[in-house]
2 protein chains.
Amino acid sequence: MLLYDGPSSGNCYKVRLLLHELDIPFERVEVDVMRPRNRMELLADKNPALRVPVLQLDDGRCLAESDAILWYLADGTPFLPEDAFERAQVLQWMFFEQYNHEPYIAVVRHRALVGDLDAHADTEQRRQRGYVALDAMERHLERNEFFVGDGYSIADIALYAYTHVAEEGGFDLSRYPATGRWLARVSSRPGHIAITA
Amino acid sequence: MLLYDGPSSGNCYKVRLLLHELDIPFERVEVDVMRPRNRMELLADKNPALRVPVLQLDDGRCLAESDAILWYLADGTPFLPEDAFERAQVLQWMFFEQYNHEPYIAVVRHRALVGDLDAHADTEQRRQRGYVALDAMERHLERNEFFVGDGYSIADIALYAYTHVAEEGGFDLSRYPATGRWLARVSSRPGHIAITA
C-alpha cells in the first residue's frame, strides 16, 4: 500500500497509527500540502477533495478521507466493534471529529505552526469552538474509558490525532483531566507510534 | 423511532428521506435550532455536539450525526453496498459532504434563509468553497450515474440534501449539467419525498 501523506497532518497520522497497530507494511509519498499546484498534480485523479491522506491499494484503487480509510482498514479487526449500534457510534464520533473538532483545533494548530494566527479574522472564533469540542469530549470521558463500548477503537484514533497536539495551537488541555487520562491510555498502548514517527 | 428534527435542515431531511425510502414509521420532535437554550435542554444527553438530527431508537438509545444515522439505517439494505471498498467509498463521499460541502453550501443557504448573508465576513469565501465542492461533484458525475458503484446509495442521499436546495443560497446550478441530471435521477425515484414533506 502507498500512503499519500503530509508529515504534520493529524489526518495522515491517524492512518499511519492504525497501519502500525495492525502491523501492515506501507510506503509513504510525501505531499507538500502548502503548495496547491502540487496537490492538484498529485491528487486530482485520486481524491476529489484534493486532500491527504489518500491510500492507494496494491491494485491501484485509491481511497480518501482519513476516517473512511480508518474504517476500511479496521473492519474485521478489534479496532472496529461488530455490534451495529456501536459501529454507528464509531461513525458518530468520527463525523463529530471532522465537523466539530478538526476545523477548529487542527486549523488553529496549523496556523500556529506556520505562524499566521493573526492573519485570519476568525482565529479566536475557531479557538472558542475548539474548546466547545473539547468540552464535549471531556463530558463523555468523565464517564467512559474510551469513546465507544469498553475498548479502544478507530473513534479513539480519529479523536486522538489532533487532540494530543492541541497545545501546539495554544489550547490549554490542563482544563480537561478526563481527556488527559484518555490521552495517556492511548499513548501507552504497545502498538502506539508518535505523530513524528 | 423518534427523530429530533429541524424543518429546514438538510441534515435532518437526509434521515427522513431514507426512512421514507425504507418505509420505516417514525415520529418527529421539532427542535428550534435557532434557540441555543432549547438545543441544550433537549439535546444535552442525546448528542455531544448538540445538533439535530438525533434518532432515538425504541429502546431509548440515541444516535447522532446525520451520516452515521444513514449508515445505521441502511446497513443490510440496497442503500449501502456490500463490497468493502464500495462501503469505504460511501464513507469517503459522506465525509466529503460534511467537511467540504455542508460548511459552505448549507451555511450560506442558512444565512440566506434567515437574511443575514452580509452579517458575516466569510460569506463570500464560503460561497467560493461551495463552488469548489460542486466542481468536484460535477467531475465525478460526468463519468458516473451515482456516487458509488452503479446504484443509488446513502452517499447520494447525503449529497443530494443540500445540493438540491443550493440555489436557495444563491448558488448557480446551471453551471453543472451532470449534477443537474443526477439531481433529477434522485428526485424521480418512487420512494422520494421533498425536503418540505
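Biologist: Arg111(B): buried or exposed?

Modeller: Arg111(B) is buried, at a relative accessible area of 8%. Buried means under 20% relative accessible area, exposed over 50%, and partly exposed in between, with a 1.4 Å probe and protein chains only. Before we go on: this is a predicted model, where local features need pLDDT of at least 70, side-chain atom pairs count only at pLDDT 80 or more, and totals for chains, interfaces and linings use all residues. Residues are numbered from 1 along each chain as its sequence is written, chains are lettered from A and ligands numbered from 1 in the order written, and side-chain values use heavy atoms, without hydrogens and water.

Biologist: Which side chain meets Arg111(B) in a salt bridge?

Modeller: Asp122(B) does, at 2.8 Å from N to O. A salt bridge here is a side-chain nitrogen of Lys or Arg within 4 Å of a carboxyl oxygen of Asp or Glu. Asp122(B) is in the loop between α4 and α5 of chain B and Arg111(B) is in helix α4, so the pair ties together parts 11 residues apart in sequence. Helices (H or I, at least four residues) and strands (E, at least two) are DSSP runs, numbered from the N terminus. Asp122(B) counts as buried too, at 17% relative accessibility.

Biologist: And in chain A, what does Asp122(A) form a salt bridge with?

Modeller: With Arg111(A), the closest N and O atoms being 2.8 Å apart. Both Asp122(A) and Arg111(A) are buried.

Biologist: Which side chain makes a polar contact with the side chain of Asp122(A)?

Modeller: That of Arg126(A), at 2.8 Å. A polar contact is a pair of N or O atoms within 3.5 Å; within protein, one must be able to donate a hydrogen and the other to accept it, and residues adjacent in sequence count only if both atoms are side-chain atoms. Arg126(A) sits in helix α5, residues 123-141 of chain A. The Arg126(A) side chain also reaches the backbone oxygen of Pro103(A), at 2.8 Å. Arg126(A) counts as buried because its relative accessible area is 15%.

Biologist: How many salt bridges over all chains?

Modeller: The structure holds 32. One of them joins Asp75(B) and Arg87(B), with the closest N and O atoms 3.1 Å apart. Asp75(B) is partly exposed at 34% relative accessibility, whereas Arg87(B) is buried at 12%.

Biologist: New topic. How many salt bridges cross the interface of chain B and chain A?

Modeller: The rule finds zero there. There are six residue pairs in polar contact between the chains, both residues at pLDDT 80 or more.

Biologist: What's the area buried between chain B and chain A?

Modeller: About 3,100 Å², with carbon and sulfur atoms giving 68%. Buried area is the accessible area (1.4 Å probe) that two parts lose on being put together, summed over both. Phe85(B), Phe95(B) and Tyr99(B) lose the most on the chain B side, together 26% of what that side buries.

Biologist: How many residues does the contact take from each chain?

Modeller: 32 from chain B and 32 from chain A, with contact meaning heavy atoms within 4.5 Å.

Biologist: Which residues touch the most other members of the largest nonpolar core?

Modeller: Ile154(A), Trp182(A), Ile154(B) and Trp182(B), in a core of 117 residues. A nonpolar core is a set of buried Ala, Val, Leu, Ile, Met, Phe, Trp, Tyr and Cys residues joined through side-chain atoms within 4.5 Å. Not counting residues up to four places away in sequence, Ile154(B) touches several residues, including Leu70(B), Trp71(B) and Met94(B).
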